[in-house]
Amino acid sequence: MDITTKFVEENNRKRFNITFNNGEVMNKVGFFIGGSTNTPCYMNSRQKRRGYLVPWNWNDGIKSIEEVQKVTYTNEGNAKKLLKGLHENSWDNLKESWGKIAKGGEIDNDFKWHFTGKLKFRSMTSLLNRIEQERLKEAFESKKEFRWHRYAMGKQGRDLSISTRMCDDGIFRAWFSSEFPGCGNGDYYLLLSPTTAVYYERD
């Protein structure tokens with residue numbers, strides 16, 4: 001296959017995996033028409049704005065070129081991911097509803113608003129020291145209260161908080177928050193386990 005101007009125009013914004021006759025492989029290559037040269041150019045997997053002229057000898061050396069398919073996120077798949085990361089002692093109310101969705105059941109409004117599309121997870125292990133990690137783990141095992149807070153480090157930092165508690169309805173719940181310093185607004189997560197939180201909403 002030749003990398004021509006027509007090919008590039010028809011496949012703008014797509015990415016390709018290219019295999020060359022010599023065995024070399026380039027993954028997630030994107031193509032565009034160079035503004036100053038009006039010739040085909042390419043970007044590697046890490047580039048988004050700048051690239052290089054397509055070498056003159058590429059067309060003779062390409063063995064195959066395959067379009068990279070975009071990842072699709074389904075409600076069933078997301079529910080399964082959430083359940084997989086959920087500690088057995090936490091969020092019993094969500095465990096039931098996520099279980100139904102994982103089997104193809106109807107999604108509720110909470111799931112629709114917060115857990116469709118690409119899920120965003122955050123690890124807690126990089127935030128806590130070993131003793132704090134053990135205390136949080138014990139809180140999940142014993143379903144007891146745990147509180148942790150770290151103030152922002154510098155103007156670009158965030159106030160970080162972790163809290164767990166047994167609620168009045170008998171359900172053990174846990175949260176993680178990343179707030180802008182001093183204003184009480186930011187990103188809020190459900191803490192699924194002692195190690196993993198999933199993004200919920202921004203306030």
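Analyst: A polar atom of the side chain of asparagine 78 lies 2.9 Å from the backbone oxygen of phenylalanine 115, a polar contact in the sense of an N or O pair within 3.5 Å, in which one atom must be able to donate a hydrogen and the other to accept it, with sequence-adjacent residues counting only if both atoms are side-chain atoms. This is a predicted model, in which local features need pLDDT of at least 70 and side-chain atom pairs pLDDT 80 or more, while totals for chains, interfaces and linings use all residues. Residues are numbered from 1 along each chain as its sequence is written, and side-chain values use heavy atoms, with hydrogens and water left out.

Asparagine 78 belongs to helix α3 (helices are DSSP runs of H or I with at least four residues, strands runs of E with at least two, numbered from the N terminus). With a relative accessible area of 2%, asparagine 78 is buried (under 20%; exposed is over 50%, partly exposed in between, for a 1.4 Å probe and protein chains only). Leaving aside residues up to four places away in sequence, asparagine 78 touches Tyr73, Phe111, Phe115, Thr116, Gly117 and Leu119 (heavy atoms within 4.5 Å). The C-alpha atom of asparagine 78 is separated by 8.9 Å from that of tryptophan 98, 20 residues apart along the chain.

Serine 90 sits in the loop between α3 (75-85) and α4 (92-102), and is buried, at a relative accessible area of 0%. A polar atom of the serine 90 side chain lies 3.1 Å from the backbone oxygen of leucine 192, and the residues that serine 90 touches, beyond those up to four places away in sequence, are Lys95, Phe140, Phe172 and Leu192.

Phe140 leads on to helix α6, where Glu132, Leu136, Ala139 and Phe140 are buried. Seen down the axis of α6, these buried residues fall within an arc of 95°, so they line one face of the helix, the arc being that of the directions from the helix axis to the C-beta atoms. They pack against β7 (146-150), β8 (159-166), β9 (172-179) and β10 (186-191), whereas Arg130 and Ile131, on the other side of α6, are exposed.
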